[in-house]
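Please read the following account of a ligand site and its protein surroundings alongside the model.

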Amino acid sequence: MVEIEIIQGDITKLAVDAIVNAANCSLLGGGGVDGAIHRAAGPELLQACIPLNGCETGKAKITPGFRLPAKFVIHTPGPIYRDGLHGEPELLESCYKSCLDLAEENGCETVAFPAISCGVYGYPWEAATEIAIRTVDKYPAKCLKKVVFCCFGEQMLKVYRDAYRK
Ligand code: AR6
């Protein structure tokens with residue numbers, strides 16, 4: 001089983017094997033955590049993303065971390081939340097699972113996730129965190145040892161801690 005750690009902080013500062021980017025389908029950058037990751041990794045990250053030809057919602061693609069302390073960035077476009085009845089929970093679960101699969105394939109022992117879809121994509125925090133924790137918790141890890149949920153702000157930290165207790 002994978003160890004779960006819940007922290008408050010800036011994901012771009014974490015010296016883990018891979019950090020996850022809550023991207024969009026173009027993989028060409030954006031605001032929020034995506035913008036922060038591209039700024040911290042340097043322009044090489046965009047150059048590495050261009051030939052990936054985008055990514056479908058719920059899937060994931062990997063690049064080096066360039067100037068980041070993390071070795072890799074795993075980019076995953078989360079679902080845009082409408083009402084929860086348009087496949088959003090399945091797509092969000094698929095994001096976490098696709099990222100964990102890629103981390104395993106690349107020999108990662110430690111991976112950090114932001115709260116995918118919980119910013120401009122509007123996913124309700126409690127529902128999204130429950131999916132995040134459950135998907136990691138039941139993942140049949142082989143080389144993966146630790147997953148960090150990196151919360152941006154105190155409120156998100158509380159939502160994760162509460163969900164983890166349940
Ligand atoms: N470290 C950790 N978490 C962060 C950081 C950071 N440095 N910065 C923001 N967050 P969002 P989404 C949190 O909007 O909802 C982009 O433009 C933030 O507080 O970044 O999946 C993409 O290009 C929130 O809890 O991603 C897409 O177009 C979480 O990260 C779109 O936004 C996710 O918020 C994706 O939207």
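Predicted model: local features only at pLDDT ≥ 70, side-chain atom pairs only at ≥ 80, totals over all residues.

Residues are numbered from 1 along each chain as its sequence is written, and side-chain values use heavy atoms, with hydrogens and water left out.

Around the ligand there are 22 residues, of which N24, G31, D34, S117 and G119 come nearest (a residue is near a molecule if one of its heavy atoms lies within 4 Å of it). By class, this shell has twelve nonpolar, eight polar and two charged residues; here Ala, Val, Leu, Ile, Met, Phe, Trp, Tyr, Cys and Pro count as nonpolar, Asp, Glu, Lys and Arg as charged, and the others, Gly among them, as polar.

An N or O atom in the side chain of D34 is 2.7 Å from an oxygen atom of the ligand. Two elements give two or more residues to the shell, β2 (18-23) and α1 (32-41); α1 gives the most, with four residues. Helices (H or I, at least four residues) and strands (E, at least two) are DSSP runs, numbered from the N terminus.

Side chains of opposite charge can pair when their charged atoms come close. The structure holds twelve salt bridges (a side-chain nitrogen of Lys or Arg within 4 Å of a carboxyl oxygen of Asp or Glu). One of them joins E5 and K146, with the closest N and O atoms 2.9 Å apart. This pair links distant parts of the chain, 141 residues apart: E5 is in strand β1 (residues 3-8) and K146 in strand β6 (residues 146-151).

Methods. Polar contact = N/O pair within 3.5 Å; in protein donor to acceptor, adjacent residues only side chain to side chain.
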